[in-house]
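Student: I'd like to check the labels on this one against their cut-offs. Can we go through it piece by piece?

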2 protein chains.
Amino acid sequence: MYIAMNRFKANTPRAAEFEQVWRERNSQLAQVPGFVSFKLLRGSDQEGVTLYVSHSTWASEQAFVDWTESEAFRAAHGGARTPQDVLLGPPQFEGFEVVLES
Amino acid sequence: MYIAMNRFKANTPRAAEFEQVWRERNSQLAQVPGFVSFKLLRGSDQEGVTLYVSHSTWASEQAFVDWTESEAFRAAHGGARTPQDVLLGPPQFEGFEVVLES
């Protein structure tokens, strides 16, 4: 299994707008081969900045890479955009292999 | 749901030793109220440093906090230790509420 995370730093007073974009997005992920699950995670507020993580689980890294090169990926990322000044900089990607599980 | 992560920076040539400590640990997590699942995640090597994440899912933040204050927690953390020089500094904790799920 493989977990893909994007880390987003949001301006806390505008965090609700960030969540709204994710709530309204039409990702079509459920139809993607190898997709297991998706979660949006919210960390605690640190001096006006809230860390969010988009957290998706895949059968393999290859399944994730195939999705990023697919039409479904372009469709998921071509829709609603995050309003300006909600995020402090671009997201930071981190990908992980699952080494142990229980 | 709540996800607790600890981020560890490991010296890549000694990463196998770090994984071995986790493989051999007796966490007893399965018996802890509110525990859902545990994963050890391994990121890619970046200039000799491998990011690991201990990733545990809980029914609620309170269930996680209760565990950290329990005898089971002390037992899980009192056993095998990571050999010296395997890690580059202490772990960094990050806790998250699950905002959306699909």
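Predicted model: local features only at pLDDT ≥ 70, side-chain atom pairs only at ≥ 80, totals over all residues.

Student: Which residues is A:Leu100 in contact with, leaving aside its neighbours within four places in sequence?

Tutor: By that 7 Å rule, A:Leu100 touches B:Trp22, B:Arg23, B:Lys39 and B:Leu40. A:Leu100 itself sits in strand E4 of chain A. For comparison, A:Asp45 is 55 residues away from A:Leu100 along the chain, and their C-alpha atoms are 30 Å apart.

Student: Why is A:Glu47 called exposed?

Tutor: A:Glu47 has 5 C-beta neighbours inside 10 Å, so it counts as exposed. Its place is the loop between strand E2 (35–46) and E3 of chain A, and its phi is near 55 degrees, a positive value in a residue other than glycine. A:Asp85 has a positive phi too, about 70 degrees, and is not a glycine either. A:Asp85 lies in the loop between helix H3 (71–77) and E4 of chain A, and with 9 other C-beta atoms within 10 Å, it is therefore exposed.

Student: How many helices and strands does chain A have, and what makes a stretch one or the other?

Tutor: Both are DSSP runs numbered from the N terminus: helices are H or I with at least four residues, strands are E with at least two. On that basis chain A has 3 helices and 4 strands, in the order β-α-β-β-α-α-β.

Student: What makes E1(A) and E3(A) a pair?

Tutor: Two strands pair if DSSP finds at least two bridges between them. E1 (residues 2–11) and E3 (residues 49–58) of chain A share 10 and run antiparallel, so they pair under that rule. E1(A) is also joined to E4(A) (residues 92–101), by 6 antiparallel bridges. A:Ile3 shows both sides: its bridge partner in E3(A) is A:Thr57, and A:Phe96 stands opposite it in E4(A).

Student: Which strand of chain B does E4(A) pair with?

Tutor: E4(A) pairs with E2(B), antiparallel, over 4 bridges; A:Val98 has B:Leu41 as its partner there. Overall, 8 strands close into an antiparallel barrel, in the order E1(A)-E3(A)-E2(A)-E4(B)-E1(B)-E3(B)-E2(B)-E4(A). The twist averages 35 degrees from one strand to the next, with axes fitted to C-alpha atoms (for helices over the stretch in contact) and angles running from 0 to 180 degrees between N-to-C directions.

Student: How many residues of chain B are in contact with chain A?

Tutor: 23 residues of chain B meet 23 of chain A. E4(B) gives the largest share of chain B's side, 8 residues. That side has 12 nonpolar, 4 polar and 7 charged residues, where Ala, Val, Leu, Ile, Met, Phe, Trp, Tyr, Cys and Pro count as nonpolar, Asp, Glu, Lys and Arg as charged, and the others, Gly among them, as polar.

Student: How do you know what kind of axis relates the two copies?

Tutor: Copies are superposed by least squares on the C-alpha atoms of residues with pLDDT of at least 70 in both. Here a rotation of 180 degrees with 0.0 Å of shift along its axis puts chain B on chain A, RMSD 0.0 Å. The two copies are therefore related as by a two-fold rotation axis. The same surface serves both, as 100% of the contact residues of chain B recur in chain A.

Notes:
Residues numbered from 1 in each chain as written. Chains lettered and ligands numbered in written order. Contact = placed C-beta atoms within 7 Å. Buried ≥ 20, exposed ≤ 12 C-beta atoms within 10 Å, placed from the backbone.
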